[in-house]
Every structure is written in C-alpha cells, then in structure tokens.
Amino acid sequence: QVQLVESGGGLVQAGGSLRLSCAASGSIFNINAMGWYRQAPGKQRELVAAITSGGSINYLDSVKGRFTISRDNAKNTVYLQMNSLKPEDTAVYYCNVRGATIFNALNAWGQGTLVTVSS
C-alpha cells in the first residue's frame, strides 16, 4: 500500500507565494512520474505540472513562468513552488504518483490541499 501526504496549502493574497509538498511512502518499487493536479469548484480536474524520473517537465499553459515543479527522488517527494498567485489559481490541489509497487502498477492520489488566493 502506498500513502501520499500533502502539505503547504492555505490562504494567500494575489501576488503571493505558496509551496506544496507531497511525500510518497509504502511499498514503492519505482516512480516514473509525479505531478500536481487541481480542481476548482464546478470545473474538471486539470494537470498543473508533472515531472518524470528522467527530469522531463510539463506545465499547464496558464502557470508557465509562475509555478515550478521539482522532486527529490531519494525522499520520493515532489514539490510545487507557486509564485505570483492569482485568484483563478484557487482550487484543491492533488498530488499524483505513477509507477509500480512491489506487486502491481501504481497510480496514487493525495488527499488534496486547498489553495485559496484572495484578490
């Protein structure tokens, strides 16, 4: 079983910054990709940023230049540094980890952390 523990959400004013963290633990054999998704009220969940084990990175167009994703492979942890936050960034942010456990394929989700950006 794999657990993802997220932290770092909260309330911030527009233009401010937050840093999200997500640590994966449990029966992990390997991690291929780690990423962050978000879901705003009434909207579908969307990919914000993802990083592969090889270091390839993908960002949602609207966050390019403002958000930075990084990972610590030794700690199975992924981070999302969010700068110049805008009210439209308000959402529940979910960590996602894909790879393999000792027994089967891995596609795990965190519990979600709320980010609220006030204008």
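In the predicted model, a polar atom of the Arg 66 side chain lies 2.9 Å from the backbone oxygen of Ser 84. A polar contact is a pair of N or O atoms within 3.5 Å; within protein, one atom must be able to donate a hydrogen and the other to accept it, and residues adjacent in sequence count only if both atoms are side-chain atoms. The model is predicted, with local features requiring pLDDT of at least 70 and side-chain atom pairs counting only at pLDDT 80 or more, while totals for chains, interfaces and linings use all residues. Residues are numbered from 1 along each chain as its sequence is written, and side-chain values use heavy atoms, with hydrogens and water left out.

Arg 66 is placed in the loop between strand S6 (57-59) and strand S7 (67-72); strands (E, at least two residues) are DSSP runs, numbered from the N terminus. Arg 66 is buried, at 10% relative accessible area, where buried means under 20% (1.4 Å probe, protein chains only). Neighbours within four places in sequence aside, Arg 66 is in contact (heavy atoms within 4.5 Å) with Gln 81, Met 82, Asn 83, Ser 84, Leu 85, Lys 86 and Asp 89.

Thr 101 is 35 residues from Arg 66 in sequence and 33 Å from Arg 66 in space, C-alpha to C-alpha. Thr 101 belongs to strand S9 (residues 91-101) and is buried, with a relative accessible area of 12%. The Thr 101 side chain reaches the backbone nitrogen of Phe 103 at 3.0 Å. Residues up to four places away in sequence not counted, Thr 101 touches Val 2, Ser 27, Ile 28, Phe 29 and Leu 106.

Methods:
Helix = DSSP H or I, 4+ residues; strand = E, 2+ residues; numbered from the N terminus. Buried < 20%, exposed > 50% of the residue type's maximum accessible area, 1.4 Å probe, protein only.
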